[in-house]
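Here are my notes on the model, point by point. Have it open beside you as you read.

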Amino acid sequence: MDFDLNETQKLFQRSARELFSQECPSVLVRETTEKDVPHAQNLWEHLVEQGWTGLIFPEELGGLGLGMVEMAVAFEEMGRALVPGPYISTVPFAGSLLLKAGSRGALEYLRAIADGTVKATVALLEEDATWDVDSAAMPAAEAEHGVALSGRKLFVPDAAGADIIITAARSRAGLVLAAVRLGAPGVKINPMPSVDSLRPLYEVVFEAVAVSRDDILAEGKTAAAALTASIDVATLALTAEMLGGMQWILDATVEYAKTRKQFGKPIGQFQAVQHHCANMLLMTESTRSAVYYAAWIAGNEPALAPLAISMAKTYASDCYREVGNLGIQVHGGIGFTWDHEIHFYYKRAKASELMFGDALYHRERIARIVMDGVGQSSLASARAGD
């Protein structure tokens, strides 16, 4: 069995790396952080021109029709370049939710995302800050022409720049996914502190916000299935992005160890530094195996995808942080300064560790999936015995 990318995927990887090296060099990332220069908008326009906003969506909806492995390739390159902007919240998160919801209104929004005219995000987290779909408790009261939303959502990514906020709420029918337009009466968006300034988070407050029946994207079991699937797709994209960041830290650290001299020779000749670099390589390559396995499973055996994606996220959450730790140790004093880029990746590592659930959350999810499988297997065996 060949575990490598095929030639088409390698060509796509090379073109993505060239795109981001030209459109998102480190100086633009720094300016975005230090001076709040809107380079993310310029980059977004280039991604729209390349068709990336429709990357994983069917061609009949205006997308490119690529698969999960190609999505992982794209996000790995984004992670290497530390790409700012609302891409992850719009395409794999909101976009895959709209695709799974499948209603006429949802598909219209999806077409708009694919052609680059709409940015979107998903508002799920509340006071308990858990990524379980059942945790959405914000009330959606029945109204004359739809529902009225009242409450607050926390840690909503890219909410201030989104054209629509897909909001998870609870009505008598169960879970409701409602599309709320930016600037709708009763919607207030407040910035929240974030360790990664390139991925801003917001509090979204709803004060009797009216949502028409046309903007109710899904309800009940359909809504729960769509939201669950979209979280898995977005988690997979995030793990690939984390892999790209780990690879950048590894490459930068090895290059620094080759050129930085101490006691008359490169520090890469010291065994302790070699051990750090070897451990970074081990964690990066192991994460790569987990991420691309999960991507292949998601595209070919979707029933097994939740387990594989949680395994990849668990491993990436621990390893990205540790690779960042070791990279800063090898860099020494300069690794702690603002002048070097490594601290941007370290911050992204910590933010990504928590996004879509940390390692502890996903270990518990893995245990539930495995135990459910064992229970179903035992039940099937008992029935067969009868």
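1. For the terms, two strands pair if DSSP finds at least two bridges between them; helices (H or I, at least four residues) and strands (E, at least two) are DSSP runs, numbered from the N terminus.

2. A word on the ground rules. This is a predicted model, so to speak of local features pLDDT has to be at least 70, and side-chain atom pairs count only at pLDDT 80 or more, while totals for chains, interfaces and linings use all residues. Residues are numbered from 1 along each chain as its sequence is written, and side-chain values use heavy atoms, with hydrogens and water left out.

3. Now the sheet around that pair. β4 and β5 belong to an open sheet of 4 strands, ordered β1-β4-β5-β8, with mixed pairing. β1 and β8 (216–219) are the edge strands, each pairing on one side only. From one strand to the next, the twist averages 20°; angles here run from 0 to 180 degrees between N-to-C directions, and axes are lines fitted to C-alpha atoms, for helices over the stretch in contact.

4. β1 deserves a look of its own. It pairs with β4 (residues 164–171) in the parallel sense over 4 bridges, and T121 has I165 of β4 as its bridge partner. Are the faces of β1 covered or open, and which residues sit on them? Both are covered: A120 and V122 are buried on one side, T121 and A123 on the other. Buried means under 20% relative accessible area, exposed over 50%, and partly exposed in between (1.4 Å probe, protein chains only).

5. There is another open sheet of 4 strands, in the order β2-β3-β7-β6, and here the pairing is antiparallel. Its edges are β2 (140–143) and β6 (187–192); each has a single partner strand, so one side of each is left without a neighbour in the sheet. The twist in this sheet averages 15° from one strand to the next. β2 pairs with β3 (residues 146–157) in the antiparallel sense over 4 bridges, and A140 finds its bridge partner in L149 of β3.

6. On to the helices. Two packed helices are described by the angle between their axes and the distance between the axes. For α7 (residues 220–259) and α8 (residues 271–300), the angle is about 155° and the axes are 9 Å apart. That makes α7 roughly antiparallel to α8 (under 35 degrees counts as roughly parallel, over 145 as roughly antiparallel, 65 to 115 as roughly perpendicular and the rest as oblique). The crossing is left-handed, a label used if the near helix is turned anticlockwise from the far one by less than a right angle, with right-handed for clockwise. The contact of α7 with α8 has 18 nonpolar, 5 polar and 2 charged residues. Here Ala, Val, Leu, Ile, Met, Phe, Trp, Tyr, Cys and Pro count as nonpolar, Asp, Glu, Lys and Arg as charged, and the others, Gly among them, as polar.

7. Helices α9 (residues 305–331) and α10 (residues 342–354) cross at roughly 155°, and their axes come within 9 Å. These two are therefore roughly antiparallel to each other, and their crossing is left-handed.

8. Q269 sits in the loop between β10 (265–266) and α8. It is partly exposed, with a relative accessible area of 48%. Last, the aromatics: the structure holds 11 aromatic pairs. Rings of Phe, Tyr and Trp (its six-membered ring) pair if their centres lie within 6.5 Å; planes under 30 degrees apart count as stacked, over 60 as edge-to-face and the rest as tilted. F93 and W131 form a tilted pair, 6.5 Å centre to centre with 55° between the planes. F93 lies in α5 (residues 87–101) and W131 in the loop between β1 (120–123) and β2, so the pair ties together parts that are 38 residues apart in sequence. F93 is buried at 1% relative accessibility, and W131 is buried at 10%.

9. F263 and F270 form an edge-to-face pair, 6.5 Å centre to centre with 85° between the planes. F263 is exposed, at 72% relative accessible area, whereas F270 is partly exposed at 25%. Elsewhere, ring pairs link F12, F20, W44, W52, F75 and Y87 into a cluster.
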